[in-house]
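Colleague: Can you walk me through this one? Start with how you sort residues by class.

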Amino acid sequence: MVRRIDVTGTDGVRLTAWEFSDPPTKRRGGPSTPGVLLLHGLMGRASHWGPATRWIAQRFRAVGLDQRGHGHSEKPAEGPYTREAYVADAEAAIEQLDLAPVTLVGHAMGALTAWQLAAKRPDLVRALVVCEMRASALGAASQREWEDWFTSWPVPFATLADARKWFGEDDPWVERPDPARGEFFAEVMAERADGWHPVFSRSKMLRSRAAWVFDAHWEELAQVRCPTLVLRGIDGELGRAEAQEMVRVLPLGQYAEVADVGHLVHYDRPESWRAVVEPFLKEFADGPRGYRERV
């Protein structure tokens, strides 16, 4: 069962959360079912976690958040689309949905939000999964590449199949056919009178991205005190050397990688993603006994 829940973010922005499991129940003599908050990456939406949440929802209270500017959440013209706003939104969702202490599972931009929140509010976070997000600054050249890429999109697409094909095969950024990538972007398209458009504003995505690409985020990473799994796809955007350095910086870091997959690890290879994430969640995210009793 998937249940839609309205959440109020910072500055009163209306956010949409999706609960992928039944409402929480009390365990006999114990606390509520432990919570997991899933945070998608730039241009994503909570539904992208669907294949990965089936097993999570069997054991945890699994909630995905459509972040501001994305999915069904509000897309305010003036923003803000800052790091502080994204972090505050996730903080508000945890408190309003009574998820704490929560395990944060983030992909790309969502992973950065997750570790920044864990550093800011350690009382709210039990454990953390960081998937495919770099701690290093990417720089101005990277932002210019994204601006050029967004300009190249042949929007509107005449059909949803055309959008799926372009992102999966024809996009100049695609080195070889990638059906999962095509499906990923098909999920963030909506039909208008003249064809299919992304549900998000590309200019707002650039503003969101500008809030992190020019800075490194090692200092905040080092402030994360909970157990943290750093996960990468072998062919993804987070290199092995940087991922292992992130693990070294983290006080309680662990490293994992998934073979034969790129950036969209959880979406493209949900079973392989599960194989490395599930043991971590079982150890650190289930029940009231936490890492603090073991260190």
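Modeller: Ala, Val, Leu, Ile, Met, Phe, Trp, Tyr, Cys and Pro count as nonpolar, Asp, Glu, Lys and Arg as charged, and the others, Gly among them, as polar. This is a predicted model: local features need pLDDT of at least 70, side-chain atom pairs count only at pLDDT 80 or more, and totals for chains, interfaces and linings use all residues. Residues are numbered from 1 along each chain as its sequence is written, and side-chain values use heavy atoms, without hydrogens and water.

Colleague: So what lines the largest pocket, by class?

Modeller: Its lining has 17 nonpolar, seven polar and 13 charged residues.

Colleague: Which helices each supply at least two residues of that lining?

Modeller: α4 (140-152), α6 (179-186) and α7 (202-213) do. Helices here are DSSP runs of H or I, at least four residues; strands are E runs of at least two, and both are numbered from the N terminus.

Colleague: New topic. Is strand β9 mostly buried or exposed?

Modeller: Six of the six residues in β9 (228-233) are buried. Buried means under 20% relative accessible area, exposed over 50%, partly exposed in between, with a 1.4 Å probe and protein chains only.

Colleague: Which residues point which way?

Modeller: T228, V230 and R232 point one way from β9, and L229, L231 and G233 the other.

Colleague: Which strands pair with β9?

Modeller: β6 (125-131) does, parallel, over four bridges. β10 (253-258) does too, parallel, over six bridges. Pairing takes at least two DSSP bridges between two strands.
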